Amino acid sequence: MARKRVSRRSALKAGVTAGAAMFAAAPAIAQNAQGGRRFRAFVRHGTTAGVEELRLRPLEPRQVLVRTQATAPCYTIVAASLATTPAQQAQVPNHCGFGVVEDVGAMVRRVQKGDRVVVAGTSQCGVCFQCLHGNPDYCQFTFGGDVWSPYAEMSDGTPVFAAAGVGGLAELMVTLEDYCCPVFTDLPATELTLLGDQLTSGFSAGHSAMRFEPGSNVVVFGAGPVGVGVIQAGKVLGAGQVIAIDPVRYRRDFALKMGATTVLDPAVDPDTLVDRIRELCKAPTDRKLAGGHTYTKQGFAAAARGADFAVECAGLQVFPPRVEAQPDPTGVLPVKQAWECTRMGGHVMLMGLVRQDVSFPGVSLALLGRTIHPGQQGGLHMMRDLPRMIRLMEKGRIDAKSMITRTYSIDATRQAIQDCADRTIMIGVVTYS
Ligand SMILES: [Zn+2]
Ligand SMILES: [Zn+2]
């Protein structure tokens with residue numbers, strides 16, 4: 001069969017939004033030595049999930065092949081990864097990872113063979129509509145699942161997709177260059193992989209999107225891996241106090257070690273939680289003409305006190321944990337509490353990915369001047385922000401190492417995901433030799 005030639009210009013124009021079609025139409029560009037290579041991966045297929053050997057398909061022109069060194073499963077993948085519901089297609093879970101570039105497609109410019117790269121949950125292509133409008137946290141290549149073609153096959157030929165265009169829980173990742181941030185540091189892979197997702201999401205909330213101010217009151221709902229990132233942003237950016245709220249005792253203790261100044265258990269007297277936060281955030285005087293503010297327990301004046309910055313990253317509870325449970329498993333309650341505890345004119349970010357509708361009083365939305373920030377990876381600009389975070393890690397001002405509770409071999413991937421679901425660990429990292 002004659003091969004149809006595709007010009008570089010038309011291939012560029014097509015981009016990866018037409019990835020599968022372009023691959024089919026452009027074998028002259030897409031064929032390369034990686035096709036057929038065997039590797040092991042944690043695969044979710046039908047109602048099963050486990051480690052299997054896969055065969056790689058040839059790289060597409062803008063794809064990068066990364067030999068994975070370390071990947072931290074995210075809580076958002078636990079239900080799908082443990083195969084509690086049937087999967088439509090075979091998929092390698094997880095939307096982040098860290099490793100070394102082994103090969104690149106013909107059109108890749110950002111990374112080279114041998115580069116160490118963070119593969120982040122959020123891409124930054126630099127040229128799509130969102131990137132050009134200053135919103136690379138909404139880069140149109142992020143969550144590439146709908147435009148992705150299979151990158152591997154199971155032994156029976158079943159095509160395998162990479163979750164979110166990354167598929168981090170495998171010996172090899174195939175992703176677009178737009179997800180890859182080359183790093184130039186000696187920090188270990190186990191720590192750098194936390195920059196692909198959880199730690200970065202929390203740190204970016206404070207650093208990139210909300211821009212915590214020195215001396216400010218920061219409140220974080222949920223002291224899991226994302227919340228600890230928020231706490232570290234509060235510490236680095238000089239917050240006056242960082243109040244961390246979590247029902248799990250070991251997470252409250254850990255939050256204090258990582259920079260929280262006060263911790264609260266939301267399960268204890270939940271009806272007064274917002275009032276207690278407001279009390280902690282009160283100004284040193286109630287004299288308005290001296291820079292203070294008046295306060296009443298009811299009505300609009302109640303919002304005179306409260307968080308300058310509140311971040312909700314408690315989320316919903318997918319499975320009953322093997323530690324203390326959340327007061328509201330749907331995660332709606334901490335969203336409402338984060339909103340209510342924010343002072344008039346303050347900032348609130350909602351990151352927890354709750355599945356239910358959330359409502360706020362319309363008058364308060366209009367008149368209290370609170371700014372709601374969307375929580376898509378904390379507003380990350382990955383090519384700008386990750387090198388900054390690495391510099392802070394090298395100086396010891398961001399502590400990724402202490403967040404890693406356990407490391408796992410590839411054969412223990414399922415256990416790593418289960419421990420994440422059980423919330424018995426802060427972060428588990430699967431390492432690859
Ligand atoms: Zn995640
Ligand atoms: Zn983009």
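## Helix 7 and helix 13

In this predicted model, the axes of helix 7 (residues 198–209) and helix 13 (residues 382–394) come within 11 Å and cross at roughly 100 degrees. Helix 7 is therefore roughly perpendicular to helix 13 (65 to 115 degrees counts as roughly perpendicular). Axes are lines fitted to C-alpha atoms over the stretch in contact, with angles from 0 to 180 degrees between N-to-C directions. Helices are DSSP runs of H or I with at least four residues, and strands are runs of E with at least two.

On helix 7, the residues in contact (heavy atoms within 4.5 Å) include Phe-203 and His-207, and on helix 13 they include Arg-388 and Met-389. Five nonpolar, four polar and three charged residues make up this contact.

## Zinc ion (ligand 1)

Cys-74 (SG), His-95 (NE2) and Asp-197 (OD) coordinate the zinc ion (ligand 1) at 2.0 to 2.3 Å. Donors are N, O and S atoms within 2.8 Å of the metal (3.2 Å for Na, K and Ca); water is not among the atoms, so sites may look incomplete.

His-95 lies in the loop between strand 4 (87–92) and strand 5 (97–104), and Asp-197 in the loop between helix 6 (189–192) and helix 7, so the pair ties together parts 102 residues apart in sequence. Both His-95 and Asp-197 are buried (under 20% relative accessible area, 1.4 Å probe, protein chains only).

## Zinc ion (ligand 2)

The zinc ion (ligand 2) has Cys-125, Cys-128, Cys-131 and Cys-139 as protein donors, each through SG, at 2.3 to 2.4 Å. Its site is tetrahedral, with angles of 105 to 118 degrees among the four donor atoms (the cut-off is all angles between 85 and 135 degrees). Cys-125 and Cys-128 are buried.

## Basis

Residues are numbered from 1 along each chain as its sequence is written, and chains are lettered from A and ligands numbered from 1 in the order written. Local features need pLDDT of at least 70 and side-chain atom pairs count only at pLDDT 80 or more, while totals for chains, interfaces and linings use all residues; side-chain values use heavy atoms, leaving out hydrogens and water.

Definitions and conventions
Tetrahedral: all angles 85-135°; square planar, octahedral: opposite > 155°, others 65-115°. Buried < 20%, exposed > 50% of the residue type's maximum accessible area, 1.4 Å probe, protein only. Parallel < 35°, antiparallel > 145°, perpendicular 65-115°, else oblique. Nonpolar A, V, L, I, M, F, W, Y, C, P; charged D, E, K, R; others polar.
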